[in-house]
Structures are given as C-alpha cells and as structure tokens.
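Please consult the sequence and the structure shown below alongside the text.

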Amino acid sequence: MLRILFISEDFPGAACLAANILTGYDGSALAATAAVPDPEKALRLARKIFALPLPPAATETVASATVDIRAYDLIISLGQPDTKVCPDLPGLPPLLTWELAAVPAADLSAELRMRINALVKHGYLEALLAGRRNGELVLDNLQEGIIAHDLNRRIFFFNQAAERITGYRREEVLGRDCHLVFPGNFCGGKCSFCRGDCAPALPGKPYSLCFRSRDGGDLYLEMNITAITDPAGAVRGVVASFRDLSREIELAGRLGEIEQFAGIIGRDPKMQEMYQTIRDLADSRVPVLITGESGTGKELVAAAVHSEGSRAGKLFVPVNCGALPENLLESELFGHVRGAFTGAIRDKKGRFELADGGTIFLDEIGDISKAMQVKLLRVLQNGTFHRVGGEELVRVDVRVVSATHKDLKAEIAAGRFREDLFYRLCVVPVHLPPLRERLTDIPLLARHFIKLIAKEEQRAELTLAPETMEIFITYSWPGNIRELQNVIRYLMVRCREEVARPQHLPENLLAAAGAAIPRTGLRTRQRRRLTVEMVHSALAVSGGNRLQTAKQLGVGRATLYRFLDQHPEYFAKLE
C-alpha cells in the first residue's frame with residue numbers, strides 16, 4: 001500500500017480533508033496521513049468547516065514536529081513547506097507543493113478533490129513514484145557505498161552496497177545520528193559535522209580511513225564527501241561515496257606494490273610493515289614512539305599517524321624539543337600567564353592546549369632535561385598541567401607522538417632518561433629503517449624528488465644515468481632521505497643536460513663512493529655486462545619504459561629484451 005503524507009502549517013484543516021479524500025480513493029491501495037501542528041485542533045476545524053466525518057481507519061493525523069517523512073512514498077505540502085521538516089534532499093520521498101492561498105474557502109473541498117483526482121487518475125502519482133524507484137535502483141546497483149545525512153547528521157539514504165560493505169542494515173541506520181550508529185564516527189573524524197561547525201568545511205579530495213564493521217572487523221575505506229545544497233546554494237547535508245580497499249591493500253602489501261602511503265614513499269618490505277602499523281594505530285589513542293636516524297622522515301610518519309586516525313580533523317602540532325632551552329620549552333609546551341617572567345606581557349596558550357583533541361608531536365624527545373621529563377610525565381598520566389606562573393589546572397585530550405634518534409634504553413642505563421617516562425611514551429614503538437637498509441626505495445625516492453623539485457624550479461625533469469643510480473645504491477647515505485633530497489636538488493642546479501651523470505654529483509659523494517665503485521666506472525661510458533640490479537634501477541628511473549631503459553643502459557632494445565626474457569623470475573611483473 002502506498003503511503004501519502006499531506007503536511008501543512010497554514011492549512012491544517014485542509015490537510016485533514018485531503019487525507020480523508022485520498023484514503024481508499026476509488027478503490028485505490030492508498031493510505032493517507034495528515035501532519036499538522038496540532039492534530040486535535042486541526043480535526044475539529046475540519047469537521048466544523050468541511051463537515052468532515054470521522055476519518056477512515058487507514059487515515060491518521062500526526063504532529064508535524066515529530067513526523068518521519070522517510071516513512072512515506074510521497075509528500076504533498078499545502079502551502080510552502082517547512083524546510084526543517086521537509087528538506088529538499090536526494091533520497092527522500094518526492095515533494096509536491098500545492099498553493100491554496102488564492103482558493104476561496106468555499107471552493108477548497110472541490111479544489112482538493114480535483115487535484116487528487118488528477119494525481120491518481122492521470123498517472124502523475126505513478127510517474128513520481130517511478131522516478132524515485134528508478135533513482136534508487138541506480139544507486140543500489142553501484143559498487144560503491146552511498147550514505148547521506150542532513151545538517152543534524154540524521155542519515156536519510158544508505159544504499160545496498162553500503163549495507164554489504166559495513167554490515168549494517170538500512171533499518172538500523174536510517175533516521176539516526178551517524179555518531180550514534182557507527183562507533184568512532186563513520187567519517188573518521190574528517191567531516192566538519194563531527195566538530196559541530198556551523199559552516200562545514202568538507203575535505204576537498206578523497207581520503208582513506210579505518211572503519212569498524214558491524215561484525216567488529218577493521219576495513220580500510222576510501223571516502224569522498226560532497227555537500228548537498230539547495231537551489232539558493234545553502235548546504236543542507238552531505239553525501240559520501242566510499243569503497244572498500246581492504247583486499248587491495250592486503251594484496252598490494254604482500255606483493256610489495258604500495259609505493260606511497262600518506263605522503264611516505266617506499267615499497268621495501270620494512271615500509272610495508274610500517275604502513276600496516278600506521279593503519280592499525282588509526283583509531284587508537286595510545287602514545288607512539290618513533291625511532292630512527294636523523295633524516296629518515298620521522299615527522300612524516302607522525303603526521304601519517306595523525307592524518308589516518310580519527311583525530312585528523314583537529315590540529316597536528318609539532319614541537320622540536322631539542323631546539324629550545326629548558327625554560328623556553330616549558331613555556332612553549334604548557335603556555336604561561338601574564339607576568340610569569342620578564343617579557344610575558346599576556347597570557348599564552350602552550351602547544352598542548354593548541355593540540356587539544358588532536359595530536360602533539362614531540363620531536364627529539366631524548367634531548368629534554370630530567371626536570372622537564374617529570375613535568376611531561378604528569379601530562380601523560382593525568383592529561384593535566386599548569387601554565388608557567390599559573391594556578392589554574394588545565395585539562396587536555398591530546399594524543400602524544402614522540403620521536404628520537406637516540407637509543408633511549410641506553411639513555412636510561414646512563415641515568416639521562418626516566419624509565420617510567422619511556423614506558424609512557426613507548427606504548428607502540430615504530431622504527432624507521434635507514435636508507436641504506438631499503439636500497440630498492442632509492443630509485444622511487446629519487447624520481448619523487450626530481451618531479452617535486454622540477455615543479456618547484458619550473459624546469460624539465462632529469463633522468464639519472466645507470467652509473468649515477470649505481471652510485472646512489474652503493475652509497476651509505478649517512479644523512480638518509482634528507483641527504484638524498486639535497487643531492488637531487490644539487491643535481492637540478494648543476495646539471496643542464498637531460499641525463500645526470502656521475503660528473504654532476506657532489507665531490508664528497510663521489511669520494512665516498514669511490515672506495516666501492518672503480519673510478520673507471522665513474523668517468524667512462526664503456527659498455528658493460530648487464531646485471532639484474534642495473535636493469536632494475538634503470539627501469540625504475542624510466543618508469544618502466546623499455547626503450548628509454550635501453551638508451552640509459554647504452555644497449556640496443558633487442559639486447560634489453562633478450563636480457564629480460566632470460567630472467568623472467570625477476571621481471572615477470574612487466575608483462
């Protein structure tokens with residue numbers, strides 16, 4: 001049975017009359033409801049003005065303030081609809097507006113009968129409902145999940161793919177606040193509705209998030225959020241499309257094919273493990289300690305832990321603890337009140353307060369003094385502190401991610417670092433390997449920096465000659481990724497040719513590499529015997545272009561193809 005809702009603020013008696021006329025109209029399988037501000041008053045008015053008898057059993061009158069319009073197939077508003085009750089949003093029942101202001105009261109009953117007759121007998125009702133069914137059919141046959149909610153986060157659309165991906169049924173989510181339905185928020189904390197903003201600032205591009213499904217499993221989704229606007233351009237809600245990347249990520253991780261994750265470059269197995277660790281930390285609040293040599297990208301990892309988690313909508317606040325003396329570091333972390341010390345002319349919030357709800361990144365945590373370690377320990381234990389010179393206790397909700405290039409266990413043994421603070425900071429350790437332990441990532445990183453710097457300098461990209469790449473792979477890179485980036489920048493300045501050769505490299509790098517690579521190999525372009533490592537490097541630099549690879553190696557295309565055919569176990573993925 002089709003359900004029709006007549007709703008009106010200005011013509012409550014007419015709404016009751018229309019519902020009475022339509023119910024059981026000429027044997028049709030229709031049920032009508034009137035939604036008005038005061039149902040009892042509206043019924044009394046209808047009986048008085050229109051001599052309306054008691055309504056049929058299939059007719060009901062409800063309060064418009066509490067009606068759920070999603071339960072109906074068609075909404076007919078007598079007069080202009082209240083957008084709070086009947087928002088113009090996709091996925092909701094079709095909305096018709098019947099203007100009755102110009103209709104005399106004596107003709108109102110006849111006018112309603114004429115319009116209802118036209119609606120039912122002339123095919124308009126079926127056309128409206130068919131349009132809605134076809135629209136829902138299209139959305140239900142998409143492979144991507146679709147979810148939509150209004151400004152109050154009430155979900156009004158949830159397609160079949162969304163049911164399949166999340167494990168939640170439509171009946172469980174429709175009409176409910178998405179915060180209450182989905183643990184940890186469906187959007188991963190990146191939708192501004194979750195922050196209670198009046199003017200939502202939605203993500204401008206797709207992003208990934210970890211989602212807990214109905215059965216408790218963790219899914220890795222890619223989501224794209226778009227604002228729903230009315231004809232005047234005002235935001236009325238959002239619609240989000242999402243797809244499940246869990247299987248793809250798992251397979252890509254096994255094959256080592258993930259080259260980039262949250263701004264981090266690398267497909268070495270050690271990096272694949274680290275990507276998984278970051279995903280596992282996404283919805284957790286536990287402190288994380290990142291260790292690794294200088295220049296390995298610890299701040300990038302810290303930013304990824306923040307951006308992939310539920311706190312991504314809040315601030316990520318980095319602090320270099322090793323760059324500030326103790327007295328300034330305390331004020332920087334905890335803030336100060338006016339008059340706390342010379343130059344404190346006003347109250348100032350510290351980094352912990354700025355990061356409230358988000359993440360604070362304490363870089364070079366191993367360099368702070370024992371006195372500062374005690375103060376930091378209290379914040380980690382209780383989430384409270386005092387501003388410098390202040391008496392008021394400040395409470396914050398901050399996730400702490402710290403990093404150091406030092407061996408903190410050795411520092412503990414030497415009496416320079418507190419053991420209790422170490423265990424507070426190192427709930428989940430993340431170790432970044434040095435660049436010399438992930439040699440297969442060097443071509444990827446080099447290509448990334450070449451593209452990045454070429455765009456900054458507005459110049460053509462360089463190609464690295466195979467002998468140059470051979471030096472890169474042999475060199476120990478004590479400065480790690482930061483040093484590699486600087487060398488690429490040096491090449492972009494010094495080399496004005498299309499191909500960067502060893503003579504374009506910094507002299508200190510050549511000197512360091514000379515012990516491992518014969519000088520004749522650096523200065524001459526003699527044809528050499530192809531090796532798997534050489535071909536792998538050249539293919540990585542050329543992005544898999546075989547013709548370009550052959551040119552870089554100084555061999556004919558047939559020679560390269562013959563070599564690839566002779567070593568299928570190493571180059572099967574190229575097919």
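D347 is placed in the loop between β15 (335-336) and β16 (348-349), where helices (H or I, at least four residues) and strands (E, at least two) are DSSP runs numbered from the N terminus. The model is a predicted one, in which local features need pLDDT of at least 70 and side-chain atom pairs count only at pLDDT 80 or more, while totals for chains, interfaces and linings use all residues. Residues are numbered from 1 along each chain as its sequence is written, and side-chain values use heavy atoms, with hydrogens and water left out.

With a relative accessibility of 44%, D347 counts as partly exposed; buried means under 20% relative accessible area, exposed over 50%, and partly exposed in between (1.4 Å probe, protein chains only). Contact means heavy atoms within 4.5 Å. Neighbours within four places in sequence aside, D347 is in contact with H336, V337, R338 and R387.

**Overall composition**

The protein has 24 helices and 23 strands. Of its 575 residues, 47% are buried. Among contacts between residues at least 6 apart in sequence, 63% join residues at least 24 apart.

| Residue pair | Separation along the chain | C-alpha distance |
|---|---|---|
| V428 and P287 | 141 residues | 6.6 Å |
| A454 and R489 | 35 residues | 9.0 Å |
| D347 and G335 | 12 residues | 7.7 Å |

V428 belongs to strand β21 (residues 428-431). Not counting residues up to four places away in sequence, V428 touches L281, V286, P287, V288 and L289. A454 is found in helix α16 and counts as buried, at 5% relative accessibility. Residues up to four places away again left out, A454 touches R459, A460, E461 and M492.

**The largest nonpolar core**

In soluble globular proteins, nonpolar side chains tend to be buried together. A nonpolar core is here a set of buried Ala, Val, Leu, Ile, Met, Phe, Trp, Tyr and Cys residues joined through side-chain atoms within 4.5 Å. The largest such core has 30 residues, and those with the most contacts inside it are F6, L22, I76, L78, L112 and I116. At least two residues of this core come from each of β1 (2-7), α1 (12-22), β2 (30-36), α2 (39-50), β4 (74-78), α3 (108-121) and α4 (124-140). Helix α1 gives the most, with 8 residues. Beyond residues up to four places away in sequence, L112 touches A14, L17, A18, I21, L78, W98 and L100.

**Cavities**

A cavity is defined on a 1 Å grid over the protein atoms alone, as a set of points where a 1.4 Å probe fits but cannot get out; lining residues have an atom within 4 Å of a point. Grid points are joined across faces, edges and corners, and a volume is the space filled by probe spheres set on the points. The structure holds 3 cavities of 30 Å³ or more. The second largest cavity contains about 60 Å³ of space and is lined by I7, S8, E9, S77, L78, Q80, P81, D82 and C86.

**Aromatic pairs**

Rings of Phe, Tyr and Trp (its six-membered ring) pair if their centres lie within 6.5 Å; planes under 30 degrees apart count as stacked, over 60 as edge-to-face and the rest as tilted. The count by this rule is 10 aromatic pairs. The pair of F316 and F361 is stacked, because the ring centres are 6.1 Å apart and the planes lie at 20°. Since F316 lies in strand β14 (residues 316-320) and F361 in strand β17 (residues 359-363), the pair ties together parts that are 45 residues apart in sequence. F361 counts as buried, at 0% relative accessibility. Elsewhere, ring pairs link F158, Y168 and F182 into a cluster.

**Positive phi values**

Most residues other than glycine have a negative phi. Q458, which is not a glycine, has a positive phi of about 55°. This residue lies in the loop between α16 (442-457) and β22 (463-464) and counts as exposed, at 74% relative accessibility. W477 also has a positive phi, near 50°. W477 lies in the loop between α17 (466-474) and α18 (480-494) and counts as buried, at 0% relative accessibility.

Key. 1 Å grid on protein atoms, 1.4 Å probe; cavity = no way out; pocket = protein on both sides within 12 Å on 5 of 7 lines; lining within 4 Å.
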